[in-house]
Amino acid sequence: MSVVTLNVNGQDVAVPAGASLLEATRAAEANVPTLCHLEGLTPVSACRLCLVEVEGSGKLLPACSTAAAEGMVVHTHTPRLKEYRRMTVELIFAEGNHVCAVCVANTHCELQDMAVTVGMDHSRFPYQYPQRSVDASHPQFTLDHNRCILCTRCVRVCDEIEGAHVWDIGSRGGQCHIVAGLDEPWGQVQACTSCGKCVDVCPTGALFRNSDTTAEKHPNTTLPALLRTAREQRRWHNQ
Amino acid sequence: MTRTVIIDPVTRIEGHAKITLHLDEAGHLTDTRFHVVEYRGFEKFCEGRPFTEMAGITARICGICPVSHLLAAARTGDKLLAISIPPAADKLRRLLNLAQLTQSHALSFFHLSSPDFLLGWESDPAKRNVFGLMAADPDLARAGIRLRQFGQQILELLGGRKIHSAWAVPGGVRTPLSQEAKDWILERLPEARATVTLALELYKKLLDGPLQKEQRVFGDFPSLFMGLVTPKGLWEHIDGGLRFRDANGAIVADQLSEDDYAEFLGEAVEPWSYLKFPYYKPLGYPDGIYRVGPLARLNVCDSIGTPWADRELAELRQRSGHPATSSFAYHHARLVEIVACLEAIEALVRDPDLMHGRIRLRASLNRNEAVGVSEAPRGTLFHHYKVDDDGLLTSVNLIIATGQNNLAMNRTVHQIAQEYIPDPVPAGAEIPEAMLNRVEAGIRCFDPCLSCSTHAAGQMPLRLQLLAADGTVLAERLRG
């Protein structure tokens with residue numbers, strides 16, 4: 001197996017060729033924050049929290065979808081990056097309707113944890129209070145667009161792991177939102193297998209089980225990696 | 001000429017309010033109004049949310065009695081699911097409400113109201129508070145604070161936190177009571193009993209002596225009283241039916257279902273207050289004035305059903321009548337209710353059902369409309385939800401205890417003003433401090449929670465205005 005060696009925050013690390021910069025930063029224990037990234041799913045660079053500085057590059061690069069290359073010199077926690085990360089989280093909060101106190105995901109929310117990680121104690125951007133809807137048409141699950149951060153984990157897990165491809169992204173800009181089927185009520189989408197993987201990987205309280213009340217949602221974000229690995233390694237008895 | 005006199009410290013009521021006293025040309029008092037000047041809009045912004053969130057959302061209306069909303073919302077949720085919750089869940093919810101009544105009544109009596117009785121109406125306002133009480137009688141103040149802590153701690157033992165827990169849910173409750181928690185409650189009960197015994201002895205002595213005039217002047221008028229009673233007419237706080245009793249003691253209506261509240265309760269609106277004016281429909285507005293809360297609960301029930309509380313109830317009725325029509329008797333009623341709560345808490349904690357069996361049922365939405373009720377410390381609380389077929393709220397109506405006492409609070413203010421304001425008011429009149437304090441205390445009998453009843457953040461300044469016939473503000477006092 002060929003490896004590439006690079007320098008992260010002054011530390012030399014070696015990772016397998018083809019590994020991402022995120023894997024390289026983790027090898028260097030640099031702890032680069034992520035929200036949309038999830039082991040087992042294709043990276044999409046949606047949240048922009050894993051942006052890093054690479055010497056010689058004129059722009060910031062998303063660590064999750066940039067391949068580690070020989071001789072790279074990477075910085076993960078410069079003052080500029082820290083400021084951008086906090087700003088990014090503030091913008092995520094400002095553009096949705098995130099009310100932690102009454103949210104099903106309170107105390108188990110990756111966005112809430114991220115706000116603590118980046119040191120966000122308030123938003124410097126005015127809250128937009130968008131008018132968004134709740135889709136409770138599914139017999140077991142609910143989608144609350146107010147809490148959606150468009151990480152697309154649900155889109156990817158449904159497509160790549162479950163194979164049902166119920167979810168997609170509709171519209172553009174500030175109107176951008178998750179759509180079920182052909183922009184139908186979720187409960188009417190025949191492709192949905194009601195497996196609940198989308199609910200398990202959702203980092204916030206946007207997708208939850210109908211019986212969940214305040215702070216009762218407990219995500220299971222290790223599922224995609226587990227299923228993908230098992231499938232690739234043909235661990236099941238009938239394979 | 002308008003004058004503003006600012007008095008510190010902040011008054012001992014919650015929310016934003018002002019009181020206006022209206023005078024005619026000759027300076028005679030013609031009207032008094034208790035204005036609630038804050039607006040919150042919970043009923044509106046809950047629309048579109050899943051009904052399962054209502055327990056968590058409405059508990060956030062208030063930090064004093066979130067439990068009442070939690071229970072009313074959970075009970076409404078039970079009815080939308082069309083299920084009967086398991087016995088253990090019902091008893092655990094009961095324990096939660098009893099702890100809530102205990103802690104809230106202890107707060108009202110010891111922290112908010114007792115400084116008036118114990119330190120004196122004319123005492124220095126800067127010291128007429130719980131800190132002044134700590135300086136004057138540290139043992140009593142400590143006991144009162146610990147009594148409240150007893151209730152608060154039970155809330156935490158059950159719900160995981162003292163305020164804003166979301167422990168009661170449609171279908172039951174989330175977690176059982178642990179053996180350690182049960183042991184702690186039993187261990188602390190004797191101290192709680194001793195404190196309320198001390199408070200009752202002290203209060204009854206005051207009532208038989210220096211507080212006789214207050215008992216007569218502070219809102220003593222005929223009205224209906226409403227509260228929950230058991231099917232046998234005993235004191236109830238979470239289940240049962242609604243009973244109305246009039247000032248003569250006659251039962252006007254009994255075992256009414258909360259489902260039919262719109263048939264017997266109307267809600268009037270006045271342009272000068274954000275607080276609605278509920279009334280008993282058969283008698284119309286404003287003749288349908290009724291009172292809710294601890295005094296109303298004790299007035300409507302035949303008895304409480306536990307020995308010590310029934311002895312204390314008999315003493316209350318001996319001193320204040322049955323029904324007791326003076327709003328000042330609310331203070332006494334709170335202490336009697338604490339006794340009832342402590343007895344009920346002990347019985348529940350010793351009940352083997354409390355610790356066994358299922359505590360939560362899961363079900364799908366089976367109804368599109370439901371009304372839930374609970375007895376909050378301040379009185380009967382209604383939650384009325386309508387949901388679509390997906391369980392999203394299309395309509396929310398919350399009828400809060402303080403709102404139901406709105407007419408009675410206005411009448412109490414009027415009666416106190418008539419007693420203490422000179423007649424006629426001389427030109428350029430100064431409002432005496434004792435008058436201001438007594439008006440506040442009249443409102444405080446009801447232990448109002450305006451942030452809750454208008455469904456507002458922040459402190460509650462009290463503004464008192466003296467208005468001439470042409471609406472000119474003759475004098476104004478502001479606390480806040």
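This is a short talk on a two-chain model, and the model is predicted.

Let me start with chain B. It has 16 helices and 16 strands. Look along the principal axes: the C-alpha trace spans about 70 × 50 × 40 Å. Of the 480 residues, 52% are buried.

Now chain A. Here we have six helices and ten strands. A compact globule of 239 residues would have a radius of gyration near 18 Å; chain A comes out at 19 Å, which agrees. Its C-alpha atoms fill a box of roughly 55 × 50 × 30 Å along the principal axes. Buried residues account for 39% of the 239 in this chain. Take the contacts in chain A with a separation of 6 or more: 63% of them are between residues 24 or more positions apart.

Stay with chain A for its domains. The assignment gives domain 1 as 3-77 and domain 2 as 98-233. Their C-alpha centres lie 25 Å apart. In the contact between them, domain 1 of chain A puts in eleven residues and domain 2 of chain A puts in 20. What is the class make-up on the domain 1 side? That side has eight nonpolar residues, two polar and one charged.

Find it in the loop between strand E4 (61-62) and strand E5 (73-75) of chain A. Is A:Thr66 buried or exposed? It has 21 C-beta neighbours inside 10 Å, and the cut-off for buried is 20 or more, so A:Thr66 counts as buried. Set aside neighbours within four places in sequence, and A:Thr66 is in contact with A:Ser20, A:Leu21 and A:Leu61. A:Gly196 is 130 residues away along the chain, and the two C-alpha atoms are separated by 30 Å.

Next, two loop residues in chain A with positive phi. The first stop is A:Asp183, with phi near 60 degrees, and this is not a glycine. A:Asp183 sits in the loop between strand E9 (177-180) and helix H5 (197-201) of chain A. It counts as exposed because it has 12 C-beta neighbours inside 10 Å. Then comes A:Ala215, again not a glycine, with a positive phi of about 65 degrees. Its loop runs between strand E10 (207-209) and helix H6 (223-232) of chain A. A:Ala215 has 22 C-beta neighbours inside 10 Å and therefore counts as buried.

Now the place where the chains meet. On chain B, 15 residues are in contact with eleven residues of chain A. Which element gives the largest share of the chain B side? Helix H2 (residues 54-58) of chain B does, with three residues. By class, the chain B side divides into six nonpolar, four polar and five charged residues.

Back inside chain B, look at helix H3, residues 66-81. Its 16 residues reach 22 Å from first C-alpha to last, close to the 22 Å expected at 1.5 Å a residue. How many of the residues of H3(B) are buried? The count is 16 of 16. After the helix comes B:Ala82, whose phi is positive, near 60 degrees.

On to a sheet in chain B. Four strands make an open sheet in the order E8-E7-E6-E11, with mixed pairing. E8 and strand E11 (290-291) of chain B are the edge strands, each pairing on one side only. Focus on strand E7 (residues 241-245) and strand E8 (residues 251-256) of chain B: they run antiparallel, joined by three bridges. In one bridge, B:Phe244 partners B:Ala253 of E8(B). In another, B:Leu242 partners B:Leu256. The two strands form a hairpin with five residues between them, and in the turn B:Gly249 has a positive phi of about 100 degrees.

Last, cis peptide bonds in chain B. One joins B:Tyr285 and B:Pro286, with omega about 5 degrees. B:Pro286 lies in the loop between strand E10 (277-280) and E11 of chain B. The bond from B:His322 to B:Pro323 is also cis, with omega near 0 degrees. B:Pro323 is in the loop between helix H11 (307-320) and helix H12 (329-349) of chain B.

Note on methods. Residues numbered from 1 in each chain as written. Chains lettered and ligands numbered in written order. Predicted model: local features only at pLDDT ≥ 70, side-chain atom pairs only at ≥ 80, totals over all residues. Contact = placed C-beta atoms within 7 Å. Nonpolar A, V, L, I, M, F, W, Y, C, P; charged D, E, K, R; others polar. Domains from an automatic or database assignment. Expected span 1.5 Å × (residues − 1). Pairing = 2+ DSSP bridges. Rg over C-alpha atoms; globule rule 2.2 N^0.38 Å.
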